[in-house]
Amino acid sequence: MVVVRRRVQSAVTLICCPIMVDDPASAAADAREARDRGSDLVEFRIDGWYSGSDDLDQIPQLVRLLTDSPLPCIVTCRPVLEGGQYDGDDQARISMFERLCAATSAGEHAPTYIDVELATYTRSQNIKQKVNLAVDHPGQLRSVTTGLILSMHDFQSRPPDLFRSISLMTTEPACRVSKVAYRARSLRDNLELLDILLEAKAAGKPMIALGMGQFGMMSRVLSPKFDGFLTFASLRRSSATAPGQPTIDELLQLYRFRSIGPATRVYGVIGWPIEHSLSPLVHNAGFEAAGHDGVYLYLPIAAEYEHFKATVLSFVDHVGLDFCGASVTIPHKENLVRLARESYDEGDGRWSWDELSAVCGAANTLHITRDAKGRAVKIRAVNTDGPAAVGALRDALGGELRTVVILGAGGTARALAAALVQAGVRVRIANRTPERAVTLVTDLQSTLRVDDDRLSTVEYASLAAIGPDAVFNTTSVGMSTGPAPHDVPMPIEVLHALPRHTVVGESVYTPRITPFLQAAIEHPAGAMQTIDGSRLFVEQAAAQFELWTGGQAPRGLFARIASESAT
Ligand code: NAP
C-alpha cells in the first residue's frame with residue numbers, strides 16, 4: 001500500500017518556502033526554520049547544486065536531505081531557460097528525478113512533488129515516459145507517492161500562449177498540480193491570474209497562479225481567497241527565488257494569510273511609489289483587532305491618469321475580488337476626484353464624492369459598497385485628510401481655534417485650508433512659490449465664497465503680527481525621503497518670534513520628530529506644543545477605517561504602530 005503520510009492533503013492554500021540548495025546541510029537547517037516560521041512545505045531548488053553529471057554521490061545526499069526534511073517537499077531543478085541555474089541536459093535531470101524517486105520509493109521520504117516545466121515535459125517523449133515512471137501514476141505497482149507539478153514561467157511578461165499551456169497542463173493525466181508564474185506588467189495582470197485560479201477550482205484542478213515583480217504581490221497574498229494550491233514565501237528577503245516573493249513573516253503577520261478566505265474583502269493603498277507606506281501595517285492590524293474579514297495590500301499604480309483609471313475601474317468591476325476600498329496617496333489624489341467626476345452618471349448615482357473632495361479637487365479615500373452578488377453599487381471618493389488635521393488642531397487647542405497659518409500650497413494644504421475655512425477658522429497661506437499660494441487662495445475663495453479676511457496669503461515677516469493659534473506644515477520639507485530632509489519649512493527666527501503657546505503642526509511623519517518640530521521644541525521660551533505627522537496619519541486612517549468597517553477605529557493601536565514605525 002502506498003504510504004501517504006507526507007502527501008499534502010489540504011483544502012487550504014499552503015505556504016511553500018523555496019530553499020536554494022547550496023549544500024544539503026544548510027538546506028536542511030533552512031527547512032527546519034521554515035517549519036518553525038509557519039511554512040507548510042518546502043521546495044528544494046537543487047538547480048544551483050546538482051551538477052547534471054553522473055555524480056553518484058549527489059543522489060544519496062539528496063535522499064538524506066529528503067529523509068531529514070521536517071516538512072513535505074517539492075524537488076525542483078529549474079533550467080536556465082526558465083529562470084533557474086541548471087545548465088546540464090534534460091536527460092540527466094530527469095534521470096536524477098527517476099533515481100531519486102526510486103531511492104525513496106518506500107514512500108515515507110519520497111519528494112511529495114517534483115516540478116517539471118511544461119516545455120521540458122512536452123519536448124521529449126522519452127522524458128515524459130521517465131517522469132511518468134517516477135511519479136505517482138494510476139496502475140503503477142511501485143509504491144511511490146510523488147506527484148508531478150507541471151509548470152511554466154515567464155520572467156519578462158505575460159506568456160502569449162498562456163491559455164494553451166494551461167490547457168496542456170490541466171489535461172495531462174500525470175499532472176497533479178499545474179503552475180503558472182509570470183511577470184505582472186501592472187496590477188491588472190493579477191485579475192487574470194486570480195480568474196485562472198477560479199476556473200481551475202471550478203474544474204477541480206489544483207492550480208498555482210502567481211504574478212512576479214512589484215505588481216504581482218497581490219496574486220501571491222490573495223491565493224487563499226481564490227483557492228490557489230499554494231503560494232511561495234521565502235525565509236528572508238535575500239532568499240526569495242522570484243521577484244516580488246513575500247517572506248513567510250510578511251504573509252503570516254502583515255497580511256494574516258491564514259485568515260484570508262473566499263469572503264475576505266480587499267483594500268489597499270494606491271500610490272506611486274508606495275512601498276514605504278505605513279498604511280498596510282496599520283489597517284491590517286486594525287482589521288485583526290476589529291475582527292473584520294479584510295486584507296489590505298500595497299497597490300502600486302504608475303503616475304499617469306490612464307493607468308489609475310484603467311486599474312481602479314477593473315478592480316471596481318471585478319465581481320469576485322471584493323475590492324471594497326483604498327487609501328489614495330501621491331500622485332493620485334486628484335486622479336480619484338477626476339475619475340469620480342468622469343464616471344458620474346446622474347441616472348444610477350453609483351459614483352459620488354463628498355463636499356471637501358469637490359472643493360479641493362483631491363480625495364484620499366475610495367469606498368465601495370457591494371450587493372450580495374458582489375457587484376459594486378456605490379463608489380464614493382472621500383477626503384479624510386482635512387478633517388483629520390482640523391480634529392487634531394481642535395484637540396490641541398480646545399475650542400480656541402481662530403487663526404491657522406498653513407505652510408505649503410499643495411494638495412494637503414488645499415484640503416486642510418478648505419476644511420478649516422468650512423469649520424469657521426481664519427486661514428493664512430505661506431508657500432515657497434508665492435504664485436501657487438495665490439492660486440490656491442483665489443480658487444478656494446471662489447469655491448467657498450469667502451473673502452480675504454477668512455482666507456489669504458501671508459508673508460513670513462507678518463506672522464508674528466497675526467498671532468496665529470497654530471502653524472501647520474504641509475510641505476514635504478523635513479521628510480527623510482523627501483527633497484529637503486534636513487531643512488525647516490519656515491525661517492527658524494520667525495518661528496521663535498511667535499509666542500510659545502502657538503501650536504506647531506506637522507504633516508510629515510518620517511521622521512517622527514522633523515527638524516521643524518525640533519525647532520519648535522527648542523523655542524527660547526520653552527518647548528512649544530506640537531502635533532506630529534503620525535497624529536494626522538492616524539486620524540485620516542481612522543476615518544477611512546470607520547467608513548469601510550462601520551465600526552470604531554482602534555486609534556490607540558494605530559498610534560502605537562505609527563510611532564514605532566516612524567523613526
Ligand atoms: P504636494 O502637493 O506635492 O505639495 C508639496 C508642497 O511642498 C508645495 O507647497 C511645495 O512648494 C512644498 N515644497 C516642496 N519642496 C520644498 C522645499 N524644498 N522647500 C520649500 N517648500 C517645498 O504634496 P502634498 O500632497 O501636499 O503632501 C505634502 C506632504 O504632506 C508630504 O510630505 C506628505 O507625505 C504629507 N502628508 C501627510 C499626511 C499624513 O497622514 N501625515 C497626509 C497627507 C500628506 P512649491 O509650491 O514651492 O513647490
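User: How does H20 pass H21, in a right-handed or a left-handed crossing?
Analyst: H20 passes H21 in a right-handed crossing. Bear in mind that this is a predicted model.

User: At what angle do the axes cross, and how close do they come?
Analyst: The axes of H20 and H21 (residues 555–565) cross at roughly 140° and come within 9 Å. That angle makes H20 oblique to H21, because only angles over 145 degrees count as roughly antiparallel.

User: Which residues make the contact?
Analyst: From H20 there are Ser 534, Phe 537, Val 538, Glu 539, Ala 541, Ala 542, Phe 545 and Glu 546. H21 contributes Arg 555, Phe 558, Ala 559 and Ala 562.

User: And how do they divide by class?
Analyst: The contact of H20 with H21 has 8 nonpolar residues, 1 polar and 3 charged.

User: What about H14 and H20, what's the angle there?
Analyst: Helix H14 (residues 385–397) packs on H20 (residues 533–549) at about 125°, and their axes are 8 Å apart. H14 is therefore oblique to H20. The crossing of H14 past H20 is right-handed.

User: Which residues meet?
Analyst: On H14, Asp 385, Ala 388, Ala 389, Ala 392 and Asp 395. On H20, they meet Arg 535, Leu 536, Glu 539 and Gln 540. By class, that contact holds 4 nonpolar, 1 polar and 4 charged residues.

User: Switching to the ligand. Which residues come nearest?
Analyst: There are 26 residues around the ligand, and Thr 412, Asn 431, Thr 433, Arg 436 and Ser 507 come nearest.

User: How far is the Arg 436 side chain from a ligand oxygen?
Analyst: A polar side-chain atom of Arg 436 is 2.8 Å from an oxygen atom of the ligand.

User: What about backbone atoms, say Thr 412?
Analyst: A polar backbone atom of Thr 412 lies 2.8 Å from a ligand oxygen atom. For Ala 409, a backbone N or O atom is 2.9 Å from an oxygen atom of the ligand.

User: Is the peptide bond from Trp 272 to Pro 273 cis or trans?
Analyst: The Trp 272 to Pro 273 bond is cis, with omega near 0°. Pro 273 sits in the loop between strand S9 (265–271) and helix H10 (279–290). Thr 510 and Pro 511 are also joined by a cis peptide bond, with omega about 5°. Pro 511 is in the loop between strand S19 (503–506) and helix H19 (515–521).

Terms used: Residues numbered from 1 in each chain as written. Predicted model: local features only at pLDDT ≥ 70, side-chain atom pairs only at ≥ 80, totals over all residues. Heavy atoms only, no water. Axes fitted to C-alpha atoms, helices over the stretch in contact; angles between N-to-C directions. Helix = DSSP H or I, 4+ residues; strand = E, 2+ residues; numbered from the N terminus. Parallel < 35°, antiparallel > 145°, perpendicular 65-115°, else oblique. Left-handed = near helix turned anticlockwise from the far one by under 90°. Contact = heavy atoms within 4.5 Å. Nonpolar A, V, L, I, M, F, W, Y, C, P; charged D, E, K, R; others polar. Near = heavy atom within 4 Å. Polar contact = N/O pair within 3.5 Å; in protein donor to acceptor, adjacent residues only side chain to side chain.
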